[in-house]
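Subject: Structure handover

Hello,

Here is the structure I promised to pass on to you. Please open it alongside this email, and my notes follow below.

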Amino acid sequence: MARGGWLLITCACLALPRQASADTLKEALAQAYETNPTLEAARAQLRATDENVPIQRADGLPSLNASGQYTEYVVQATSSFINPERAAQAGLELSVPLYSGGRVRNGINAAETRVLAGRANLRATESSVFSQVVAAYMDVILQEAIVGLSSNNVDVLQVNLQATSDRFEIGDLTRTDVAQSQARLAQAESSLRSAKANLTEARERYIRLVGEMPTDLQAPPPLPGLPETPDDAVIVALENNPDMIAARREAKAAGYDIEVAGAGRLPTVSLFANGNYNNYLGTLGSISGSPADQAQTSSQAGVRVQMPLFQGGAVSARQRQAQANASAALERAIGTEREIIATVRAAYSSWQAANEIIRSSQAAVDAADLSLEGVRAENTVGNRTILDILNAQQELLSAQVDLVTARRNAYVAGFTLLAAMGRAEARDLGLEDEIVGPLYDPTEYYDRVRGNLWDWSRNPDPVAESTRTVDIPAPDGEISE
């Protein structure tokens, strides 16, 4: 979209009272990238998904447990002369899994595959948020343009009503002409109020997504990399669309789940070693006149093999359940593919249609403007009525609104098309220049926790990263002169 194509919008609408600088689309996207709560929540959710890998890995690592016990023997056996009164016990047990039927290996594979799916889902969320921001940005520009056009229409009709009233006073026009002018002015004032309400709503959507008040929004830059044909767009989308990637990863992970469930019927092998220490704290009696040993130690080591023989069909049920879930995941992948194809083709069609509407609407604006001038000239010589002038003015306004609406629709459809193709994320839009520090790296947290074996490791208490909008004043539907 050429920058000059937005001249009518930016000239027809001035934003809220100007501050030190204007807002660009890139700045709005960067602000949303840093502070949007939906995007921050998706990042946190991915970090939670990352933790499944060390959780699954822990099942295949050695475990070390310590135990302790203190016992008071309240009632002693009457037939024994060496009953202790109290005892302290301590134990230490080490277990090293050697074979688990593939459960651990496939569990890790499933978790790692879901991490990759989670990263694709984060990309999809980022793309979705950016698409909403672009739509909100363009809606503010559109509604400001419509308010400007509607306000100008009211001014023109006010002048027309005054001229009509003056001509009525000298007997050049009838009361019907005055009434027609009054009615059309009232309709224009009503449309202006509706346009201002729509502008307020558009600004609220912008604040919700971006986290700040829209200020003097500038014309957006051209959209790069738009495809030549819908088939080209579909090919790119099926390769790069993050929803498609996530669906395929989920289907692959579900295949590992089948093997995890089936491992429940296979044997497990582990090494074990344990040691125990008992101390009767000097309360153990004598044996044949000799003091009994008050402390005892023991230790064992060996190999433990467990072979499940009958589990009531639970293992088979879990495996069949996993197979059904895998089948559902495969079907969802095809459903996602269908949806992406339909979205891409529809977005391409909307983009092309909007471009055609821009051309026809521009022609309509030029023709309506010329027609209005002609009708006014003909009215001065009595060949046209006041109603003809009012109708020509309304046709010009409608053509202008159609033009700015088509320009908005073309840009939003083009961006939607890029998003469906997997090319509307921060890395594609060059946002790194607009934010503090590098782009969010989803692998950084994963690399940090993947090999963490320390049971007492934890993150700082969570705090909200996104910004609140409660302190932003409520927007109105006014534009500056």
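Let me start with the sheet: four strands form an open sheet in the order S1-S2-S3-S6, and their pairing is antiparallel. S1 and strand S6 (295–306) are at the edges with a single partner strand each, so one side of each has no neighbour in the sheet. From one strand to the next, the twist averages 15°. S1 and strand S2 (residues 86–99) pair in the antiparallel sense over ten bridges, and Ala-66 stands opposite Leu-92 in S2. Two strands pair here if DSSP finds at least two bridges between them. Strands (E, at least two residues) and helices (H or I, at least four) are DSSP runs, numbered from the N terminus.

A word on the source: this is a predicted model, in which local features need pLDDT of at least 70 and side-chain atom pairs count only at pLDDT 80 or more, while totals for chains, interfaces and linings use all residues. Residues are numbered from 1 along each chain as its sequence is written, and side-chain values use heavy atoms, with hydrogens and water left out.

Next, the helices. The axes of H3 and H5 come within 9 Å and cross at roughly 180° (axes are lines fitted to C-alpha atoms, for helices over the stretch in contact, and angles run from 0 to 180 degrees between N-to-C directions). H3 and H5 are therefore roughly antiparallel to each other, the term for angles over 145 degrees.

Finally, the pockets. A pocket is an open set of points on a 1 Å grid over the protein atoms alone, where a 1.4 Å probe fits, with protein on both sides within 12 Å along at least five of seven lines; lining residues have an atom within 4 Å of a point. The largest pocket has a volume of about 1,200 Å³, the space filled by probe spheres set on the points, which are joined across faces, edges and corners. Its lining has 37 residues, with Glu-51, Tyr-445, Arg-448, Val-449 and Asn-459 nearest the centre. H3 gives the most to this lining of the largest pocket, seven residues.

The second largest pocket, at about 350 Å³, is lined by 17 residues, including Arg-119 and Arg-123. H5 supplies the largest share of that lining, six residues.

Best wishes

Notes: Parallel < 35°, antiparallel > 145°, perpendicular 65-115°, else oblique.
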